[in-house]
Amino acid sequence: MMEQFLALAKSARGASAVALIQDVLSHPSIYVFGEFLEFPAFNELRQTDHAPHHDLLMIFAYGTYTTYKDRQAQLPALKPEQLLKLRFLTIASLAAQTKQIPYADLLRELDLSSIRDLEDLIIQSVYSDVVRGKLDQKRSLFDVEYAIGRDIQTDTADRLINTLSAWSRQCEAALESTSVIMTQANTTRAAYMAAKKTHEGKVGTLATSLLSTALHEAGTIHEPGSTMPVLGSDSFNNVQPTAKRQKMKMSFPATS
C-alpha cells in the first residue's frame with residue numbers, strides 16, 4: 001500500500017496532494033511519512049493556502065499529540081482514525097526514550113484522564129504492532145519491549161551520527177584499555193607461574209635434604225638408585241645372632 005501512495009504522490013498537486021495527505025494519515029498501516037515530504041509537490045504546499053496540511057503531515061512524521069494540541073487552532077481537525085494513529089505514534093516516541101513509561105506521563109502526553117482509557121489505547125497500539133510490552137498495573141507503568149521506528153529529521157540525524165561517533169570512539173578507547181589490562185595480566189601471570197615453579201623446586205630440594213638427614217640420624221642410609229636400605233655396622237649384632245653362637249661353640253676344646 002505504501003508503494004501505491006508513493007506512486008500517486010509523484011503526480012499529486014494542490015488539492016489532490018491535500019487529499020492524498022488525508023488518505024495517508026488515515027490509513028491504518030502507514031506510520032512513516034518522511035518519503036512523502038521529499039516530493040516537491042508536498043513542499044510546495046507550504047507556499048499556498050494548503051500549508052496547514054503540510055504542517056499536519058510534518059507532525060505525523062516527527063511530532064506527537066502534544067505538538068498537535070499546541071497548534072490545534074492553526075491545523076486541520078483530526079479524523080477519529082487520525083487521532084488514534086497520532087496517539088499511537090506518541091506512545092512509540094515515548095517508548096524510544098525509556099523502556100518503562102509511567103502512566104502519569106502517558107496520560108499527560110495523550111491528553112487522557114482515565115486509566116481505563118489509557119490501558120485500552122495501549123492494548124490497541126499493541127494489536128496494531130506499533131509497540132509491544134506489558135501493562136504493570138501494580139507500578140502504574142507500561143513496560144516496553146519493542147516500538148516501531150519513526151521518521152528522523154535531518155538535524156536529528158546529524159545529532160544521532162555525532163552521538164554514535166562519540167560512542168564508537170569510547171568503545172575503541174575501552175577496547176584499547178582492555179587490551180593493555182589483559183597484557184599486564186598475562187605478564188603478571190607468567191611471572192607468578194615462574195616464581196611458583198622456582199618455589200616448588202626449592203621446596204622439593206629442601207624436602208629431599210630433610211629426608212636424607214632424617215634417614216642418617218635413624219641409622220639407615222638410602223643410596224641413590226637402590227630399592228633396599230643398606231644396614232650399618234651397628235646393626236650386625238642384631239641381624240647375625242646365629243653366626244655368633246656358632247663361633248663361640250667352635251672355641252671350646254674337644255673332650256676325651
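This report describes the secondary structure, sheet, core and aromatic pairs of a predicted model.

## Basis and overall composition

The model is predicted, so local features need pLDDT of at least 70 and side-chain atom pairs count only at pLDDT 80 or more, while totals for chains, interfaces and linings use all residues. Residues are numbered from 1 along each chain as its sequence is written, and side-chain values use heavy atoms, with hydrogens and water left out.

The protein chain has 12 helices and 5 strands; these are DSSP runs numbered from the N terminus, helices being H or I of at least four residues and strands E of at least two. Of its 256 residues, 29% count as buried, where buried means under 20% relative accessible area, exposed over 50% and partly exposed in between, for a 1.4 Å probe and protein chains only. Contact means heavy atoms within 4.5 Å. Among contacts in the protein chain between residues at least 6 apart in sequence, 54% join residues at least 24 apart.

## The three-stranded sheet

An open sheet of 3 strands is ordered β1-β3-β2 and paired in the antiparallel sense; two strands pair if DSSP finds at least two bridges between them. β1 (100-102) and β2 (131-136) are the edge strands, each pairing on one side only. From one strand to the next the twist averages 30°, with axes fitted as lines to C-alpha atoms, for helices over the stretch in contact, and angles running from 0 to 180 degrees between N-to-C directions.

Strand β3 (residues 141-147) is joined to β1 by 3 antiparallel bridges, and F142 of β3 is the bridge partner of I101. The antiparallel pairing of β2 and β3 runs over 6 bridges, and here A147 in β3 is the bridge partner of V131. The hairpin of β2 and β3 has 4 residues between the strands, and S140 takes a positive phi near 55°. Helix α9 (residues 115-127) lies across β2 and β3 and runs at about 150° to β2.

Helix α8 (residues 103-110) has Y103, L106, L107, E109 and L110 as its buried residues. They pack against α6, α7, β1, α9, β2 and β3. D111 follows α8 and has a positive phi, near 60°.

The largest nonpolar core has 49 residues, among which F33, F36, F42 and L106 touch the most other members. Such a core is a set of buried Ala, Val, Leu, Ile, Met, Phe, Trp, Tyr and Cys residues joined through side-chain atoms within 4.5 Å. Helix α7 (residues 80-97) gives the largest share of this core, 7 residues. L106 is in contact with I91, L94, I101, L118, I122 and F142, leaving aside its neighbours within four places in sequence.

## Helix α2 and its cover

Helix α2 (residues 15-26) has 12 residues and reaches 17 Å from its first C-alpha to its last, close to the 16 Å expected at 1.5 Å a residue; the expected span is 1.5 Å times one less than the number of residues. Its buried residues include A17, V18, L20, I21, Q22, V24, L25 and S26. Among the elements covering the buried residues of α2 are α1 (2-9), α3 (34-37), α4 (40-44), α5 (51-62) and α7.

## A buried loop residue

T64 is found in the loop between α5 and α6 (65-70). T64 counts as buried because its relative accessibility is 17%. Leaving aside its neighbours within four places in sequence, T64 is in contact with I59, L86, T90, S93, E109 and R150.

## Aromatic pairs

A search of the whole structure finds 4 aromatic pairs. Rings of Phe, Tyr and Trp (its six-membered ring) pair if their centres lie within 6.5 Å, and planes under 30 degrees apart count as stacked, over 60 as edge-to-face and the rest as tilted. The F33 and F60 pair is edge-to-face because the ring centres are 5.9 Å apart and the planes lie at 85°. This pair links distant parts of the chain, with F33 in the loop between α2 and α3 and F60 in helix α5, 27 residues apart. F33 is buried at 0% relative accessibility, and F60 is buried with a relative accessible area of 0%.

The Y65 and Y68 pair is stacked, because the ring centres are 6.3 Å apart and the planes are at 20°. Y65 and Y68 are separated by about one helical turn, because they are 3 residues apart in helix α6. Y65 is buried at 7% relative accessibility, and Y68 is buried with a relative accessible area of 3%. Ring pairs also link F36, F39 and F42 into a cluster.
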